[in-house]
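Keep the picture handy as you read.

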Amino acid sequence: MKNSRYHVIGIMSGTSLDGIDLMYVTLSLQEGKWSFDMKQGQTVPYSDSWREKLKTAIALNKEELDGLDEQYTVYLAQVITRFIQEHALEAVDFVCSHGHTILHRPDLGYTVQIGNLPILADLIQHKVVCDFRVQDVILGGQGAPLVPIGDRLLFGDYEACLNLGGFANVSYENQLNYRIAYDICPVNVLLNEQAQRLGFLYDDNGKIAKQGQVILPLLEALNGLDYYTKTPPKSLGVEFVSSHIKPLLALYPHPAADYLATFVEHIAMQIAHGIQLPQGATVLVTGGGALNQYLMERIRYHAPSYQFEVPQSLLLNYKEALIFALLGVLRIRDEVNTLASVTGAQYDHSSGVIYDIFDPVW
């Protein structure tokens, strides 16, 4: 008989390189409906050294990447163990970890998340569910987004869920009650890099962007990128930034503040264009970008017909970690946690690798 109550840790590391998000949560199933109680959340920021390693990992060869994978898995185990000890978490059924994405090219048949090695379970002495994306790519899907199943099961009262992390992605039910979700555009992966050029980890509330001048030719070029004309399913990775956006910046040399102003306008315009909902729809907005007041102002300006709701800080900051906890629970129950309508895979499936202590199982 399956359990109806789980005490788990969900872990997420996003492409914006802010740090590792950990959420200790209780997930309960009653009368066919899932609910959650977020107990303890923490973000462990990356050191300058780790941020640089992860930022440049895309250029590593296979041997070097394998070495980084092992290093990162050991580091992740240390972070998880410290989280459990500091918060005296005695009831942990298992740990659900996304890992950190280094390569994402579903069009070429692969996606790579490091930190998902079998040694993780042994190092933390807990069962682990991880590596959620690979199976979907094998089945012909994008391997992303994975969060929409959680949007459906936990946040169905909203017409849509918008996450502003390294990339913006949206999730909603279409008229046929299929969940639709896709990456809209880069967000913090662009904004944070420019802020870091000025010596800041991020642009606090968009204050720097607000002072900059929009570079109109660059804005037009960004909005004209082919990705924005594609229909879902579709997803983005850091490769898109390297191959499509950075070459454009080289054509328009400007101060970082102007780049920030232009990126904010680009993001807001693409979100307004990318969300296709009836007027008056309520949209739940989470992720680090939701804390950027100037960005939210511009999104509301370009999409005035929607109600954008930013929740309290625990849900705002840890929604993705929460949902990866749910993905792990669904995988343990051998229930669907990946939607073909979202990723484009051959069929809905239960994705992820289960590592028991000393016993890896697919």
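In this predicted model, helix H8 (residues 216-223) and helix H10 (residues 256-274) have axes that come within 10 Å and cross at roughly 35°. The crossing of H8 past H10 is right-handed. On the H8 side, the contact is made by Leu218, Leu219, Leu222 and Asn223. H10 brings Tyr259, Thr262, Phe263, Glu265, His266, Met269 and Gln270.

Now for the sheet. Five strands build an open sheet with mixed pairing, and their order is E9-E8-E7-E10-E11. At the edges sit strand E9 (179-186) and strand E11 (307-309), each pairing on one side only. From one strand to the next, the twist averages 20°.

Let's zoom in on two of these strands. E7 (residues 160-164) and E8 (residues 167-173) pair in the antiparallel sense over five bridges. In this pairing, alanine 160 stands opposite tyrosine 172 in E8.

The structure holds one cavity of 30 Å³ or more, and the largest cavity has a volume of about 30 Å³. Which elements give two or more residues to its lining? They are E7 and E8. The lining consists of Val147, Asp151, Cys161, Leu162, Asn163, Asn169, Val170, Ser171 and Lys319.

Here's how the residues split by class in the two places:

Methods
Residues are numbered from 1 along each chain as its sequence is written. This is a predicted model: local features need pLDDT of at least 70, side-chain atom pairs count only at pLDDT 80 or more; totals for chains, interfaces and linings use all residues. Side-chain values use heavy atoms; hydrogens and water are left out. Axes are lines fitted to C-alpha atoms, for helices over the stretch in contact, and angles run from 0 to 180 degrees between N-to-C directions. Helices (H or I, at least four residues) and strands (E, at least two) are DSSP runs, numbered from the N terminus. A crossing is left-handed if the near helix is turned anticlockwise from the far one by less than a right angle, and right-handed if clockwise. Contact means heavy atoms within 4.5 Å. Two strands pair if DSSP finds at least two bridges between them. On a 1 Å grid over the protein atoms alone, a cavity is a set of points where a 1.4 Å probe fits but cannot get out, and a pocket is an open set with protein on both sides within 12 Å along at least five of seven lines; lining residues have an atom within 4 Å of a point. Grid points are joined across faces, edges and corners, and a volume is the space filled by probe spheres set on the points.
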